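Open the model in your viewer and keep the selection panel at hand. The stops below are meant to be taken in order.

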Amino acid sequence: MPSTRQPQLCLILMFLALIGSVPLLQAALELAAGARPQALEVFRQKPTAPNLRRYEHDLTEASRVAGWLRPWAQYVLFAGLGDGGGKTLVGRAGWLFYKPGVQGLTDRPAHGSHTVEEAAAAIVDFRDQLQARGLRLLIVPAPNKESIYPEYVTRRAAGLGAVPGAGTRALLQQLAAAGVEVADLFALFAAGKTNATAPLYLAQDSHWSPAGVELAAQLVARRITGRGWLQTGTTAYLCRPAPIERVGDLLDMLQLPRTLTRETVPCRQVVRADDGAPYRDEPGAEVLVLGDSFLRIYATDEPGAAGFSAHLARELKQPVLSLINDGGGATLVRQELCRRPQLLAGKKVVIWEFVERDLRLATEGWPRVSLPPPAHP
Amino acid sequence: MRVMYALSVVLLTGACSDLARSPAHAGADAQVQTLGTVEVTARLVEVPEGAIFKRDLYDYATILKYEVVTVHRGALKQGAVIYVGQYNPWKPRAAAADRKAPNLGGNARQFHAGRLQRLALATPLDDFFMGGLVDKYFGRRAGPAYWAVWTNDAD
């Protein structure tokens, strides 16, 4: 009898050591770092259900062992099984997509959702506030990657062209009805993707490619000058090749333990024709560009001076001023403008870019944001 | 069993040693006492719903509301309510610094309402951080927002 119990006891002890070693190792590491063990946090708050849930969540997030193992587990799932985890969708031909964005395209809006109406109301209100100051507003919704390239999500979408979400179409209709000027990049990119020599979006990233940036800048410049809102300036800019290698944000989000591949991105940097200096924003410019990471990419990111604002300035032959708020194109950037209303001084045109997925996923939603009254000299 | 017992004693001793510190020195270290222009021990008044959560693609700072308990440096007054920008507050302070917000730190790991923290602050926030700012008090607060350079637990 004892001989049959020995292996059982051994297995039980091994199991207990396995599950016991994780918290003990965690506590030892925390003590070695001079910190209070995370496990003791449970004694510092009332044992209510929300506190205990938060405690459990905090323990999971703080676990060193989980931190070591998670990237390798994700690596095996991604490289071996093509699983992108909770946020990344692995598409065709090596293209990655932001899963919540795709869900926004394919899922029905939540029952009772008024996001489209709220967004339209906030945009119209912002347009009216700018109009009262004598400024023009041009809205530039940046299409989701999956709206322009659905065929890389699923082969069944081949031949569809561009498929903006139902909410996006409703928003564009409401804005048109309210007389808001919109640069329709959906139609432009749908046509452009068949003619372009390079894709308009990056394969590993949620953002547009240099080709997409330049196409969008050309349309916006044509719209502004075509409406007579602005005269073309006199500053000549040139483009020079500035290719970079980039790890896309969708790949980066997987937090893999090693970089699988970098994407070569054929950027074109905008430089002044007279002295060859890279493009720089000008606070006294007549155009203010508000937006999110679609403005940041290639601008403050590598290689610099190759983003949307730089190419818009090249088209307009005059510098512009940018206010960029990563992931905050819907509302945070307007709030930041409220904190810094002096940025509106001397402006004639405001361009407001936000990504399509913000219609459902905007940080802080779509409240109306009241600009402070203009300062009178 | 002995190992477990010894470790329990170590853990409890560690916990009690924190509690035994005097309030004036709670959370003090070289960084919190020298960085920024203002140093306070303050109580986190609340964490508004949706103010702190893990972000997928982007980095944000979040404005949090504190009540000043002790002023160590600077011109603030005891009992004052201040609004402080904490960068990516879902991360432990020791892991929060990055290229967009360098030189941040501290031993605080989470932000829970009611906690006392010792903060080294800089102001105005816009001079130190130009990225996304989640401000649940937007339009409802007055005065400058501070930028949390160093945050230590102090309770």
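Predicted model: local features only at pLDDT ≥ 70, side-chain atom pairs only at ≥ 80, totals over all residues.

**Stop 1: chain B as a whole**

Chain B has 155 residues, of which 47% count as buried. Switch to a surface view: the accessible surface of chain B is about 7400 Å², with 58% of it belonging to carbon and sulfur atoms. For contacts in chain B between residues at least 6 apart in sequence, 73% link residues at least 24 apart.

**Stop 2: B:T70**

Stay in chain B and pick B:T70, which is in strand 2, residues 60-73. Beyond its neighbours within four places in sequence, B:T70 is in contact with B:E39, B:V40 and B:T41. Draw a distance from B:T70 to B:E39: their C-alpha atoms are 8.8 Å apart, although 31 residues separate them along the chain.

**Stop 3: helices 5 and 7 of chain A**

Move to chain A and select helix 5 (residues 115-132) together with helix 7 (residues 166-177); the two pack at an angle of about 35°, and their axes are 9 Å apart. The crossing of helix 5 of chain A past helix 7 of chain A is right-handed. Show side chains where they meet: helix 5 of chain A brings A:V116, A:E117, A:A119, A:A120 and A:I123, and helix 7 of chain A brings A:G167, A:A170, A:L171, A:Q174 and A:L175. By class, this contact has 7 nonpolar, 2 polar and 1 charged residues.

**Stop 4: A:S147**

Select A:S147 in helix 6 of chain A, which covers residues 145-148. A:S147 is buried, with a relative accessible area of 0%. Leaving out neighbours within four places in sequence, the contacts of A:S147 include A:L105, A:F186 and A:E356. Also among them are A:G161, A:A162, A:V163, A:P164 and A:G165.

**Stop 5: helices 9 and 12 of chain A**

Now select helix 9 (residues 210-226) and helix 12 (residues 308-316) of chain A. Their axes come within 8 Å and cross at roughly 45°. Helix 9 of chain A is therefore oblique to helix 12 of chain A. The crossing is right-handed. On the side of helix 9 of chain A, the residues in contact include A:V213, A:A217 and A:V220, while those of helix 12 of chain A include A:F308, A:L312 and A:E315. By class, this contact has 8 nonpolar, 3 polar and 3 charged residues.

Colour helix 12 of chain A by burial: 8 of its 9 residues are buried, among them A:S309, A:A310 and A:A313. Just after helix 12 of chain A comes A:K317, with a positive phi of about 60°.

**Stop 6: A:T235**

Where does A:T235 lie? A:T235 is in the loop between helix 9 and strand 5 (237-241) of chain A. With a relative accessible area of 18%, A:T235 is buried. A:K317 is the residue with the positive phi from the previous stop.

Key
Residues numbered from 1 in each chain as written. Chains lettered and ligands numbered in written order. Heavy atoms only, no water. Buried < 20%, exposed > 50% of the residue type's maximum accessible area, 1.4 Å probe, protein only. Contact = heavy atoms within 4.5 Å. Areas by Shrake-Rupley, 256 points an atom, 1.4 Å probe, with all protein chains shown as cover. Axes fitted to C-alpha atoms, helices over the stretch in contact; angles between N-to-C directions. Helix = DSSP H or I, 4+ residues; strand = E, 2+ residues; numbered from the N terminus. Parallel < 35°, antiparallel > 145°, perpendicular 65-115°, else oblique. Left-handed = near helix turned anticlockwise from the far one by under 90°. Nonpolar A, V, L, I, M, F, W, Y, C, P; charged D, E, K, R; others polar.
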